[in-house]
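Please keep the viewer open as you read.

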Amino acid sequence: MIDIGANLGYYVLIEILAGARKVIAIEPIPLTYNYLKENVKKYNNVITLNIAILENDREASFEVLKRFNLAHIVEDSTYLSSSQIVRVKGLSLKTLIKKFNLHNENNIMLRMDIEGYEYRVLKNIPEQVSLINVEIHPSKYDVEELCKEVINQGFIIRYFIGDIPFGLYPIVNILGLKSLRFLKPYLIADEYVKCDKIKELMRKVVHPYIFFARQHNDL
């Protein structure tokens, strides 16, 4: 499992509890990375890296906003004057797999939330990757084009889902399964969605996620 944009480690902990044998958790922002490292320190099967995953091996500038989870790569001087800029070492997925000697793996899952840089990273998916869970940022790229790019590399759209608004979490906590009647408009799990349906589905959800699977993968 490779978790790209691990932030404080929320999803990393879920991945471990779900049975992941090993998680490589990647977080580029130094302060956030320190919290991530602290949150997962008791798990021997979690490796944390204070780097970015890019389309190639190079350094990158990150704009760090008040909400650290919204930090993103900036290529020029278009960032806000009130924000902080940090320089971060970056590796490609191919280099990361080589670094950890994962050449013989054939069932690596990626979880990716990198604030709009997903498209560029997913233009060259290593053959060892079989599952991808990516949060979509439609303001940063054409989502249909991203889907076509991934599909052309041998994947299918396995699921399309939408996160629920944070304001509904207390309802879920209090009502449990009874809350499903409130969540139905937000939780979409269409199997084997076609690219040309993505934009239509996105109008129905908050924080859309797409699960891609290689066509030979039967999960």
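Where is the place of L31? L31 sits in helix α2, residues 30-39; helices (H or I, at least four residues) and strands (E, at least two) are DSSP runs, numbered from the N terminus. Before going further, note that this is a predicted model, in which local features need pLDDT of at least 70 and side-chain atom pairs count only at pLDDT 80 or more, while totals for chains, interfaces and linings use all residues. Residues are numbered from 1 along each chain as its sequence is written, and side-chain values use heavy atoms, with hydrogens and water left out.

L31 is partly exposed, at a relative accessible area of 43% (buried means under 20%, exposed over 50%, partly exposed in between, with a 1.4 Å probe and protein chains only). Together with L8 and Y35, L31 makes a nonpolar surface patch of about 300 Å². Such patches take residues with over 30% relative accessible area and no salt bridge, joining nonpolar side chains (Val, Leu, Ile, Met, Phe, Trp, Tyr) within 5 Å and like charges within 9 Å; a salt bridge is a side-chain nitrogen of Lys or Arg within 4 Å of a carboxyl oxygen of Asp or Glu. Areas come from the Shrake-Rupley method with a 1.4 Å probe, and for residues only the protein chains shown count as cover.

Now step inside. The chain has 219 residues, of which 47% count as buried, and it holds 8 helices and 12 strands. The largest nonpolar core has 49 residues, and I4, I26, I132, I198, I210 and F212 have the most contacts inside it. A nonpolar core is a set of buried Ala, Val, Leu, Ile, Met, Phe, Trp, Tyr and Cys residues joined through side-chain atoms within 4.5 Å. Helix α5 (residues 143-151) gives the most to this core, with 4 residues. Beyond its neighbours within four places in sequence, I198 is in contact (heavy atoms within 4.5 Å) with V143, C147, I157, F160, V193 and I210.

The structure holds 0 disulfides.

Methods: Disulfide = S-S within 2.5 Å.
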